[in-house]
Amino acid sequence: GKQWYQRRVRETKVHGDLNGSVKMLQEDITKFHVATAEQVMKHKKKIIEQQVVLNRIADSAILLQSMAAVISRANLAAEKGDTSEIALANAWCGESHQQIAQLVADLQNPALSKVDEATLAVGRMSLDSNGYLAKSPVS
């Protein structure tokens with residue numbers, strides 16, 4: 001249950017200048033886990049039909065993986081004496097952290113699901129009309 005994200009995360013051994021990025025990654029993984037579990041519990045098997053939700057989950061997962069990759073690469077370079085990638089890794093992780101925070105907030109915002117439904121309805125109407133939905137005002 002919910003104790004998973006309360007467990008103490010194993011200490012990591014990275015270059016000291018990457019500790020902030022590692023902490024952001026750990027926090028983001030926890031928030032992602034909670035938000036994703038909430039969506040699965042909410043939608044159950046019908047989650048496969050929730051395209052906008054799945055898109056947010058996928059975008060978050062990609063950002064998490066990219067954070068882990070750049071931290072790993074920068075740490076490996078630092079272990080070999082090259083610290084030039086640390087600033088780039090920290091910048092990437094900071095930007096990704098902000099994007100993940102927004103995606104997770106969007107997943108947990110019930111008001112946004114109504115906007116998503118309206119957007120999807122317009123898409124369905126457009127698809128049903130074989131293309132662009134609105135008529136041109138200049139013709």
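**Contacts, core and loop**

User: Leaving aside neighbours within four places in sequence, which residues does Ile100 contact?
Analyst: Ile100 touches Asp28, Ser60, Leu63, Leu64 and Met67, once those sequence neighbours are set aside. Keep in mind that this is a predicted model.

User: Which residues touch the most other members in the largest nonpolar core?
Analyst: Met67 and Ile100 do, in a core of 16 residues. Helices α1 (19–43), α2 (51–79) and α3 (86–107) each give at least two residues to this core. The largest share comes from α2, with six residues.

User: What other core lies apart from it?
Analyst: Another core, of five residues. Ala74, Ala78, Ile86 and Ala89 are among them.

User: Back up a bit. How many helices and strands are there?
Analyst: Four helices and zero strands. Along the sequence, the pattern reads α-α-α-α.

User: New topic. Where does Lys44 lie?
Analyst: In the loop between α1 and α2. Lys44 is not a glycine, yet its phi is positive, about 55 degrees. Most residues other than glycine have a negative phi.

User: Is Lys44 buried or exposed?
Analyst: Exposed, because its relative accessible area is 58% and the exposed class starts over 50%.

User: And what percentage of the protein's residues are buried?
Analyst: Buried residues account for 28% of the 139. The protein exposes about 9,800 Å², and carbon and sulfur atoms supply 58% of that area.

User: What share of contacts with a separation of 6 or more joins residues 24 or more positions apart?
Analyst: In this protein, 73% of them.

Definitions and conventions. Residues numbered from 1 in each chain as written. Predicted model: local features only at pLDDT ≥ 70, side-chain atom pairs only at ≥ 80, totals over all residues. Heavy atoms only, no water. Core = buried A, V, L, I, M, F, W, Y, C linked by side-chain atoms within 4.5 Å. Buried < 20%, exposed > 50% of the residue type's maximum accessible area, 1.4 Å probe, protein only. Contact = heavy atoms within 4.5 Å. Areas by Shrake-Rupley, 256 points an atom, 1.4 Å probe, with all protein chains shown as cover.
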